[in-house]
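I opened this notebook to keep track of what I looked up, entry by entry. Below is the structure I worked from.

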Amino acid sequence: AVYGESAGAGSSLWLAFHDDIADPANADPVLRESTRVTAAAGLYAQATYDFLAWFDLLANDVDSKTMRAWRLIMMDTILGMYHVKNQKALYSEDIKAVRKELDMLSMIDKNDPPIYLLTLQSTRNKGDVLHHPRHATVLKEKCDSAGVESVLILDSTPADKRIDVIDFLLGKLNETK
């Protein structure tokens, strides 16, 4: 099982949703190992690392002033992450392929392990686009439509319905014994 917070959550979800990248014919025994996990959790996760998708993903949940500010602040970071010089290059075929490889939402299918998501907006700054609850809700919606078991904990989740992340992961690991 894997889990993390923020970027660690994204890495965990990417691994959970990505098809197995084991290379059974490789001479290196580590590279022959399966990358599939039994369960994964994302605390304050991002739904995708195709950052250009965020503008549509968050458009109805984050005010336009905040989104414009985020875009201005983050564009240099986004260009650097994709190793391109300008915004036009973000739409080249090569970079589209990279963006697709970083889009966890497009990877979700019925073969994926159970997922735990937690985002408590009350613990974050009001304009926190990186950890906005919409990331978690869109992940949950996609998991539900693909038939992937998932748990979502938000501020609105009643206390008696909140499951602890470690209890969730250990429970899934124990189910495989």
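This is a predicted model: local features need pLDDT of at least 70, side-chain atom pairs count only at pLDDT 80 or more; totals for chains, interfaces and linings use all residues.

How many strands form the open sheet, and in what order? I found four strands in the order β1-β2-β3-β4, with parallel pairing. I took strands (E, at least two residues) and helices (H or I, at least four residues) as DSSP runs numbered from the N terminus, and I counted two strands as paired if DSSP finds at least two bridges between them.

Residues are numbered from 1 along each chain as its sequence is written, and side-chain values use heavy atoms, with hydrogens and water left out.

Entry on the pairings. β1 is joined by four bridges to β2 (residues 40-43), and the two run parallel; here Glu5 stands opposite Leu43 in β2. Four bridges also join β2 to β3, where Ala40 has Ile115 as its bridge partner. Between β3 and β4 I again found four bridges, and Ile115 has Ser150 of β4 as its bridge partner. From β3 the chain crosses through helix α7 (residues 133-146) to β4 in a right-handed β-α-β crossover, meaning that, with the strands pointing away from the viewer, the path from the first strand over the helix to the second runs clockwise.

Entry on the helices. Helix α1 (residues 7-17) lies across β1, β2 and β3 (115-118), at about 150 degrees to β1, while helix α8 (residues 165-175) lies across β1, β2, β3 and β4, at about 165 degrees to β2.

Which residues of α1 are buried? Ala9, Gly10, Ser12, Leu13, Ala16 and Phe17 are buried, that is, under 20% relative accessible area with a 1.4 Å probe and protein chains only. They lie on the same side of α1, because they cover an arc of only 165 degrees around the axis, taken from the directions from the helix axis to the C-beta atoms. The buried residues of α1 pack against β1, β2, α6 (104-107), β3 and α7, with contact meaning heavy atoms within 4.5 Å.

Terms used. Axes are lines fitted to C-alpha atoms, for helices over the stretch in contact, and angles run from 0 to 180 degrees between N-to-C directions. Buried means under 20% relative accessible area, exposed over 50%, partly exposed in between (1.4 Å probe, protein chains only).
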